Amino acid sequence: MLRRSLLLLATLLTAGVHAASPAALPTIEVYMPTVCLACIDWAEHLRQNGFTVKVTQTDDMEAVKRRLKVPKDLEAVPSATVAGYFIEGHVHADQIKELLNEKPQALGLTVPGLPLGAPGREYSSPTCETACTVLDKDSAPPRVRRELYETLLVRKDGRTSTYARH
């Protein structure tokens, strides 16, 4: 009787573990200009964070951005699609995972421009817990190593709100 109870408990615990395990992340399709090293680094950041990444290099990024409906003032260099959302620029994989979990009524996420310190735009892996600007004092003049930037959520009507600060 004890053995059967233990077997039943083990079965229930195992079933619970399988039910609670996270679903596989969807494939993210990354569009980048031909030979963009920062974009390649960003795609690798996504892979290292559990995404399957399909890369398409193109010389017509403007057509990609128009097809994805990325507002002109929110553009960056790489563009991507995942689960019906666009991802524009060097968005951190954690924010993409949050977007996929929350499933907001939105077009996607963007990190406009090319901020230093964003995934794929790191310079000597600078970190700062307070989202400050970090200068490399060993260069003349001092070079920015990491700068404050925001990930923006782009709503269906084109309005934005801050999704994360870095």
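The expected span of a helix is 1.5 Å times one less than its number of residues. The legends below apply this to a predicted model.

**View 1. Helix 2 from end to end.** Helix 2 covers residues 37–48, which makes 12 residues. After the helix comes G50. The phi of G50 is positive, near 95°.

View 2. Which residues of helix 2 are buried? They are C39, W42, A43, H45 and L46. The face turned away from the buried side carries L37 and Q48, which are exposed.

**View 3. What covers the buried residues of helix 2.** Strands and a helix take part in the cover. The strands include strand 1 (28–33), strand 2 (53–58), strand 3 (79–82) and strand 4 (85–88). Helix 4 (93–102) is also part of the cover.

View 4. H90 sits in the loop between strand 4 and helix 4. Is H90 buried or exposed? Buried means under 20% relative accessible area. H90 has 1% relative accessibility, so it counts as buried. A polar atom of the H90 side chain lies 2.7 Å from the backbone oxygen of P119. Beyond its neighbours within four places in sequence, H90 is in contact with residues including A38, C39 and W42. Other contacts of H90 include P78, V111, L114, A118, G120 and R121.

Notes
Residues are numbered from 1 along each chain as its sequence is written. This is a predicted model: local features need pLDDT of at least 70, side-chain atom pairs count only at pLDDT 80 or more; totals for chains, interfaces and linings use all residues. Side-chain values use heavy atoms; hydrogens and water are left out. Helices (H or I, at least four residues) and strands (E, at least two) are DSSP runs, numbered from the N terminus. Buried means under 20% relative accessible area, exposed over 50%, partly exposed in between (1.4 Å probe, protein chains only). Contact means heavy atoms within 4.5 Å. A polar contact is a pair of N or O atoms within 3.5 Å; within protein, one must be able to donate a hydrogen and the other to accept it, and residues adjacent in sequence count only if both atoms are side-chain atoms.
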